[in-house]
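User: I want to learn how to read salt bridges in a protein model. Can you take me through some cases?

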Amino acid sequence: MANKDNIFATPRDHVGDFCFDDAVADVFPDMINRSVPGYQTIIDTIGELGQAYVTPHSNVFDLGCSLGAASLSVARRCPANQCDIFAIDSSEAMVKRCQRVVDAFNLPNAIHVSEGYAQSASINNASMVIMNFTMQFIAPDERREIVKRVYDGLNPGGIFVLSEKVQHEQEAGNALINTLHLNFKRHNGYSELEISQKRAALENVMLIDSFSTHEKRLRNVGFSDVVMWYKCYNFMSLVAIK
Ligand code: GEK
């Protein structure tokens, strides 16, 4: 069973910025499942998209892979030896555990795990690039450049799966989706203290855009279509097609 996330359960005098350290990596599956509505559906669908779009002898990049859930989903769904999957994360704690997870399975497609920044990943011969809730942790002024690099590294017809927490552009609607998400977290057993301390920890670290900001950025670098295939409260997943 996954370790329970109670990182923010006790009162803190000072809440520092959130970081992906050993404590977070140890409870990550529980944390993300109780915080992101539909996380497992998104992971399963990423595998299904891989099955449909990954072409023979191409590369797949999973930028901000954490423990490798999206990479594993693609590795399992694609025909054997179809692709090389590069799972990259900037957190040493995540990468160490991700490597352990990958080593524990005999997978039909290779997953190469490495520590690094999405900003400097060398993306080439890609039929699929995944950023599953990673862009939101990257400085807003660096986002366009990453999207451009993803576009340039994709083969024609390749896809970019971008999942993000988003804000609604009008205040009333934004309050509505935030409240629904808050209730989702309460329902999943997070206390008011945990919710408020985590919110404070993420305040300077997770900076979210609206759907239209993402869409404009993707179209601006050249993606021919942008499909929002998933949305629940303030979480969405897009597929941008080259
Ligand atoms: C999943 N995709 O389970 N470059 C690379 N990695 C980064 C960067 C960066 N610049 N900044 C943050 N990260 C995963 C879930 S979690 C989402 C992704 C969440 C990494 C960070 O270390 C963490 O592992 C991941 O992005 C974000 O499908 O915690 O809400």
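User: Is aspartate 225 buried, exposed or partly exposed, and what is its relative accessible area?

Analyst: This is a predicted model. Aspartate 225 has a relative accessible area of 34%. Buried needs under 20% and exposed needs over 50%, so a value in between counts as partly exposed. That is the case for aspartate 225.

User: Which residue forms a salt bridge with aspartate 225?

Analyst: Start with the general idea. Side chains of opposite charge can pair when their charged atoms come close. Here the partner is arginine 219, and the closest N and O atoms are 3.6 Å apart. The cut-off is within 4 Å, so the pair counts. Arginine 219 is partly exposed too, at 36%. Salt bridges can also share partners: Asp22, Asp26, Lys96 and Arg97 are joined into one network that way.

User: What is the distance between the closest N and O atoms of arginine 186 and glutamate 192?

Analyst: They are 2.7 Å apart, and the two residues form a salt bridge. Arginine 186 is partly exposed, with 35% relative accessibility. Glutamate 192 is partly exposed as well, at 45%.

User: Are aspartate 30 and arginine 34 buried or exposed?

Analyst: Both are buried. They form a salt bridge, with closest N and O atoms 2.7 Å apart.

User: Why are aspartate 30 and arginine 34 separated by about one helical turn?

Analyst: Because they sit 4 residues apart in helix 1, which covers residues 22–35.

User: How many salt bridges are there by this rule?

Analyst: The count is 10.

How values were computed:
Residues numbered from 1 in each chain as written. Predicted model: local features only at pLDDT ≥ 70, side-chain atom pairs only at ≥ 80, totals over all residues. Heavy atoms only, no water. Salt bridge = Lys/Arg side-chain N within 4 Å of Asp/Glu carboxyl O. Helix = DSSP H or I, 4+ residues; strand = E, 2+ residues; numbered from the N terminus. Buried < 20%, exposed > 50% of the residue type's maximum accessible area, 1.4 Å probe, protein only.
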